[in-house]
Structures are given as structure tokens and as C-alpha cells.
Amino acid sequence: MQLRKDADRIIRDSIKNVLPDEAVYAALRGRRFADGRIYTVAVGKAAWQMAKAASDVLKDRLERGVVVTKYGHVKGDLPKTDCYEAGHPVPDAQSVLGTQAVLRLVSGLRDTDTVLFLL
């Protein structure tokens, strides 16, 4: 019985540790950034979850963000972040709009700025 409990715990913990949002939390917690502005660009099916985690950790340090994800994957508004649902796997007009938003976001960056690209 104990072997089964240990195996279940190992499997549960392993799955939790590779979830996209958990990976972002782990990567950003306690991390120090330069004094410049911080932006997030999150793309893919897990983009919203990753952007949410980054927003939770960065709080007031986050300047702006853009999420481009598959239809039905935005789970609510994120502070200072524009979310675009788009075609997947075949890009559509919404994909173009999301890409244009990303390009606008990163145009005019300063060398002290940080862009977190979450894929």
C-alpha cells in the first residue's frame, strides 16, 4: 500500500511541476529584474495560464502584456494585458491581429526593458 501511495504522490507532483503556469511561477518567484519596464508576450494554448502566473508574480512591475491563444482558452481578463483568441493550428484573421499587437508592444523598447516571451 505504501508503495502505491508513494507512486501516486510522485506522479501527482511530477505532473504539477510541469504545468505551464507552475513552471512560470517557479521561474519568476524571487527573481530580480533590472529597473526597466517589463512586458509579457504569451503565445500558444497555455498562453493565458502562463501570462496569469507572470502577472501574479510581477504585479505592479508589469508594464503591459499580450496573449495570443486558441479560441476558448482565455479564462478572463488579465491586468494590463490584451488577450487575443485566434485560429489553431491554422492561423486566421485574429492571429494577424494578435501578432500586430505583439509587434506594437515590442516596438520602441529601451535597452533596459525586459520582454518575457512565454511559449
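Read along the sequence, the chain runs α-α-β-α-β-β-α-β, which gives 4 helices and 4 strands. Helices (H or I, at least four residues) and strands (E, at least two) are DSSP runs numbered from the N terminus. The model is predicted: local features need pLDDT of at least 70, side-chain atom pairs count only at pLDDT 80 or more, and totals for chains, interfaces and linings use all residues. Residues are numbered from 1 along each chain as its sequence is written, and side-chain values use heavy atoms, with hydrogens and water left out.

**Whole chain.** Show the C-alpha trace, which spans about 60 × 40 × 20 Å along its principal axes. Of the 119 residues, 33% count as buried; buried means under 20% relative accessible area, exposed over 50%, and partly exposed in between (1.4 Å probe, protein chains only). Among contacts (heavy atoms within 4.5 Å) between residues at least 6 apart in sequence, 61% join residues at least 24 apart.

The three form a nonpolar patch on the surface, with about 270 Å² of accessible area together. Such patches are made of residues with over 30% relative accessible area and no salt bridge; like charges are joined within 9 Å, and nonpolar side chains (Val, Leu, Ile, Met, Phe, Trp, Tyr) within 5 Å. A salt bridge here is a side-chain nitrogen of Lys or Arg within 4 Å of a carboxyl oxygen of Asp or Glu. Areas come from the Shrake-Rupley method with a 1.4 Å probe; for residues, only the protein chains shown count as cover.

**Helix 2.** Next select Val-24, Tyr-25 and Leu-28, which are buried residues of helix 2. Seen down the helix axis, the buried residues fall within an arc of 100°, so they line one face of helix 2. The arc is taken from the directions from the helix axis to the C-beta atoms. Helix 3 and strand 4 are among the elements that cover these residues. Just after helix 2, Gly-30 has a positive phi of about 80°.

Centre on Leu-58: leaving out residues up to four places away in sequence, Leu-58 touches Phe-33, Ile-38, Thr-40 and Leu-116.

**Backbone stops in the loops.** Most residues other than glycine have a negative phi, and most peptide bonds are trans. Lys-59 sits in the loop between helix 3 (47-58) and strand 2 (62-70), with a positive phi near 45°. Is Lys-59 buried or exposed? Lys-59 is exposed, with a relative accessible area of 57%. Move to Lys-80, in the loop between strand 2 and strand 3. Lys-80 has a positive phi of about 60° and is partly exposed, at 37% relative accessible area. The last stop is Pro-89, in the loop between strand 3 (81-86) and helix 4 (93-106). A cis peptide bond joins His-88 and Pro-89, with omega about 10°.
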